[in-house]
Amino acid sequence: MKTLVVEHPLVAHKLTALRDVRTDSPTFRRLADELVTLLAYEATRDVRTVEVTVETPLAPAHGLHLARPAPLVVPILRAGLGMLDGMTRLLPTAEVGFLGMIRDEGTLKAQTYATRLPEDLSGRQCYVLDPMLATGGTLAAAIELLFERGATDVTAICLLAAPEGLAHLDEVFGDDAKPVRVVTAALDERLNEHGFIVPGLGDAGDRLYGVV
């Protein structure tokens, strides 16, 4: 498993504003959208391509097109929805699937309540959107589901990650032949006793959409 913490002034600037408790939901949504696009730029460095030749107004030019089958973007509901536009802005030809998962706050284990994915993901590159990599249970369950359906490699894009979550993913996928990558804006200090990232930015879903 590989982890990339994106170090860039714009990433740090937008993340700092997301952390600020004074940032309201509309501003939070806009900043998250912009930050995801920056993270997606790094996350897609290994996206599969094919060589093509096109005609410019002057002469033929060699270049690249994204390979088929198209990448699959999978936001984990509900907070992952706040990352979808930022991702598809960079990958407009990607297909989109959805996973509804919720963490049991007593056991901290992930439960799946909705799935909208192709049954066969053979040969597909998948990008999972989950704002907070905390315990790692939800993300690990999502990645396992994608591999079970035939995905060949999975990249997770997270706004923040905790050491405990990365350690859990490494425990689950460290020896797996299929590549797993995590791209994040920052690696924070730790989890608190309730399984929240510290210093973190609070509950990403609540800050995106309000408390429901």
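1. Arg149 and Glu119 form a salt bridge, with 3.6 Å between the closest N and O atoms; the term covers a side-chain nitrogen of Lys or Arg within 4 Å of a carboxyl oxygen of Asp or Glu. The pair links distant parts of the chain, 30 residues apart: Arg149 is in the loop between helix H4 (137–148) and strand E10 (153–158), and Glu119 in the loop between strand E7 (110–116) and E8. Helices (H or I, at least four residues) and strands (E, at least two) are DSSP runs, numbered from the N terminus. Glu119 counts as exposed because its relative accessible area is 63%; exposed means over 50%, buried under 20%, and partly exposed in between (1.4 Å probe, protein chains only).

2. On the basis of the model: it is predicted, local features need pLDDT of at least 70, side-chain atom pairs count only at pLDDT 80 or more, and totals for chains, interfaces and linings use all residues. Residues are numbered from 1 along each chain as its sequence is written, and side-chain values use heavy atoms, with hydrogens and water left out.

3. The whole structure holds 11 salt bridges. One of them joins the side chains of Arg19 and Asp188, at 2.8 Å from N to O. Arg19 belongs to helix H1 (residues 9–19) and Asp188 to the loop between strand E12 (180–184) and strand E13 (190–191), so this pair ties together parts 169 residues apart in sequence. Arg19 is partly exposed, at 26% relative accessibility, whereas Asp188 is buried, at 9%.

4. Asp33 and Arg89 form another salt bridge, their closest N and O atoms lying 2.8 Å apart. Asp33 sits in helix H2 (residues 25–43) and Arg89 in helix H3 (residues 84–90), so parts 56 residues apart in sequence are tied together. Asp33 is buried, with a relative accessible area of 14%. A network of salt bridges also links Lys14, Arg30 and Glu34.

5. Cys126 is placed in strand E8 (residues 125–129). Its relative accessible area is 1%, so Cys126 counts as buried. Beyond residues up to four places away in sequence, Cys126 touches Leu72, Leu121, Leu146, Ala151, Asp153, Val154 and Thr155; contact means heavy atoms within 4.5 Å. Cys126 and Pro71 are 55 residues apart in sequence, yet 5.8 Å apart in space, C-alpha to C-alpha.

6. Thr152 is in the loop between H4 and E10 and is partly exposed, with a relative accessible area of 27%. Apart from neighbours within four places in sequence, its contacts include Arg48, Gly123, Lys178 and Pro179. From Thr152 to Gly202 there are 50 residues in sequence and 33 Å in space, C-alpha to C-alpha.

7. Two cis peptide bonds deserve a look. One joins Arg68 and Pro69, with omega about 0°, and Pro69 lies in the loop between strand E3 (60–66) and strand E4 (72–77). Another runs from Val198 to Pro199, with omega near 0°, and Pro199 lies in the loop between strand E14 (197–198) and helix H6 (204–209).

8. On the surface, Asp170, Glu171, Asp175 and Asp176 gather in a patch of negative charge; a patch takes residues with over 30% relative accessible area and no salt bridge, joining like charges within 9 Å and nonpolar side chains (Val, Leu, Ile, Met, Phe, Trp, Tyr) within 5 Å. Glu171 is in helix H5 (residues 163–173) and counts as exposed, at 67% relative accessibility.

Conventions: Areas by Shrake-Rupley, 256 points an atom, 1.4 Å probe, with all protein chains shown as cover. Lys, Arg positive; Asp, Glu negative; His and termini not counted. Charge placed at Lys NZ, Arg CZ, Asp CG, Glu CD.
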